[in-house]
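Subject: Structure handover

Hello,

Here is the structure I said I would pass on. Please open it beside this message, and read the notes below with it in view.

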Amino acid sequence: RIRLQRKGKKGQPYYHLVVADSRSPRDGKYIERIGAYDPNQNPAFIEIDREKCLSWLQKGAQPSDTCRAILSYTGIVYRNHLLNGVKKGAFSMEEADRRFDAWMNEKTTKIESKRSKLAAGKDSAAKARIEAEMKKAAEMAAKLSAKLAAASAEAPAPVAEEAPAAEGEAPAAE
């Protein structure tokens, strides 16, 4: 069976894709490690040894539901399907390679557009946040200057007091 083996700390899972006997426990003994999966990133990080995984699928290893989704996303399930078609004589290996390359190019384009869209969204969110902060700072500065202007208009002008006469000097005449 091809399945996930959980790693990482609490709340931040990281998985290894492993080939294991279906009777062994989730994080227990496995036959071979064929990849890694990190769902904490956007888009998720997936690293798979395609040849090993494909050979295990050809031998009859059944992926778990989550692993099937991951393998389908990376194109390994489709590649296995094409190779089975070649075995049955439905089409040639060159045709299978052509179909797979066309599918991979389309998939890569989708992934790159998602990454660029996420990056653009992050940039626009940062610009909007900075703009909102600048607007708030300008409003606070305007309020403060209005408050200071009102306070200076209400307060009477300070009266200049005469300096006390030093000893031996006559008081100044008014």
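The expected span of a helix is 1.5 Å times one less than its number of residues. Keep that in mind for α3, which has 13 residues. From its first C-alpha to its last, α3 reaches 18 Å, close to the 18 Å expected. Please note that this is a predicted model.

Some more on α3. Its buried residues are Ile76, Arg79, Asn80, Leu82, Leu83 and Gly85.

Four strands form an open sheet, in the order β1-β2-β3-β4, and the pairing is antiparallel. β1 and β4 stand at the edges with a single partner strand each, so one side of each has no neighbour in the sheet. On average, neighbouring strands of this sheet are turned by 25° against each other, direction ignored. As background, strands of a sheet pair through backbone hydrogen bonds, either parallel or antiparallel.

β3 and β4 can be followed residue by residue. These two strands form a hairpin, with six residues between them, and they pair over four bridges in the antiparallel sense. The bridge partner of Asp38 in β4 is Phe45, while Gly35 stands opposite Ile48 in β4. A helix, α1, packs on the sheet and touches β1, β2, β3 and β4. The direction of α1 makes about 115° with that of β3.

In soluble globular proteins, nonpolar side chains tend to be buried together. The largest nonpolar core here has 18 residues, and Ile2, Leu17, Cys53 and Leu71 are those with the most contacts inside it. At least two residues of this core come from each of β1 (2-9), β2 (12-19), β3 (32-38), α1 (50-59), α2 (65-74) and α3 (76-88). Which element gives the most to this core? That is α1, with four residues.

Which residues is Cys53 in contact with, leaving aside its neighbours within four places in sequence? They are Ile2, Ile34, Ile48, Leu71 and Ile76. Two of the names come up elsewhere in these notes: Ile48 stands opposite Gly35, and Ile76 is one of the buried residues of α3.

Regards

Definitions and conventions: Residues numbered from 1 in each chain as written. Predicted model: local features only at pLDDT ≥ 70, side-chain atom pairs only at ≥ 80, totals over all residues. Heavy atoms only, no water. Core = buried A, V, L, I, M, F, W, Y, C linked by side-chain atoms within 4.5 Å. Buried < 20%, exposed > 50% of the residue type's maximum accessible area, 1.4 Å probe, protein only. Contact = heavy atoms within 4.5 Å. Pairing = 2+ DSSP bridges. Axes fitted to C-alpha atoms, helices over the stretch in contact; angles between N-to-C directions.
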